[in-house]
Amino acid sequence: MFTPHHRSTGSRRTRLAVGALLGAAVLAVPVAAHAAPGAGAPAAVAPLSAAPLGAAAAGLDDPAKKDIAMQIVSSAENSSLDWKAQYKYIEDIDDDRGYTAGIIGFCSGTGDMLDLVEYYTSVKPDNVLAKYLPALRKVNGTPSHKGLDPNFTKDWAKAASDSTFKQAQDHERDRVYFNPAVSRGKSDGVGTLGQFMYYDAIVMHGDGDDSTSFGGIRKRALSKAKPPSQGGNETTWLNAFLDARVWAMKQEEAHSDTSRVDTAQRVWLKKGNLALNTPLDWKVYGDSYHIG
């Protein structure tokens, strides 16, 4: 039986306004987690100047690295490394964004769930969620469930048994979150760890230009350092980016726990693990995890 996610304080991301576009097996064993398990083309690489060549040679879009990225994000978002169990996940976590669902937390109130169901319907018109499109359009931008209850959650879980729906979730995750992060990381000349930092930031904060979205975080970091593509040192730049990220997180009470940066990404950066190589050990919201 599927166990609902445990959402620790600070594990929920801030999303953009309505309509905004937010864009291999590796052994993974959580050491101590609350929740039971169950829980495009990138741009060309810019000149790397001061960036270590080894760090930039591989990217987060390598299948094994991408799987690692999904596990790490799931540890923060779902208190589980089993990210593939999350296709069927759906609940209202009382964050005024309606239903949160799927492998990246698509929300009925922020537009990306609507985009997902529209895409799913475009590739498979006769699907169990297509009938909810009018309601999803109406509740977009609100926390309302009007037109979705009482059967939307059951139908979502039913859709998750369809491989086409899983592929649709993968497609929207990549289009809205993953590919933009990798592309921007490569254009800034950062390696796999830096690309993951960008990805995690877009997942939590959205891909916008306001002060607490990815664009604002990057702009704040630029006031303190330069990315490798502009002649800066990669480690110095990533520290500045994480400083700006922590500032953005602290602007919202729900994100006041910054452990997904402090006891994970910052630890790997201090160790010089710019390629995000395993083994990886980290803590997030008090839980310990390991990927070997």
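This is a predicted model: local features need pLDDT of at least 70, side-chain atom pairs count only at pLDDT 80 or more; totals for chains, interfaces and linings use all residues.
**Entry: whole chain.** I looked up burial and surface. The chain holds 292 residues, and 57% of them count as buried. Its accessible surface is about 11,700 Å², and carbon and sulfur atoms account for 53% of that area.

**Entry: the sheet.** I asked in which order the strands of the open sheet are arranged. Three strands form this sheet, the order is β2-β3-β4, and they pair in the antiparallel sense. β2 (90-92) and β4 (106-107) are the edge strands; each has a single partner strand, so one side of each has no neighbour in the sheet. I then examined the pairing of β3 (residues 99-101) with β4, which is antiparallel and runs over two bridges. Thr 100 has Cys 107 in β4 as its bridge partner.

**Entry: helix α5.** Which residues of α5 are buried? In this helix, which spans residues 152-159, I found Phe 152, Asp 155, Trp 156 and Ala 159. These residues lie on the same side of α5, because they cover an arc of only 105° around the axis. I checked the other side of α5 and found Lys 154 and Lys 158 exposed there.

**Entry: cover of α5.** I next looked up what covers the buried residues of α5. The cover includes the strands β2 and β3, together with the helices α3 (112-123), α4 (133-139) and α6 (163-187). I record that β2 and β3, listed in this cover, also belong to the open sheet described above.

Terms used: Residues are numbered from 1 along each chain as its sequence is written. Side-chain values use heavy atoms; hydrogens and water are left out. Two strands pair if DSSP finds at least two bridges between them. Helices (H or I, at least four residues) and strands (E, at least two) are DSSP runs, numbered from the N terminus. Buried means under 20% relative accessible area, exposed over 50%, partly exposed in between (1.4 Å probe, protein chains only). Accessible areas come from the Shrake-Rupley method with a 1.4 Å probe; for residues, only the protein chains shown count as cover. The arc is that of the directions from the helix axis to the C-beta atoms. Contact means heavy atoms within 4.5 Å.
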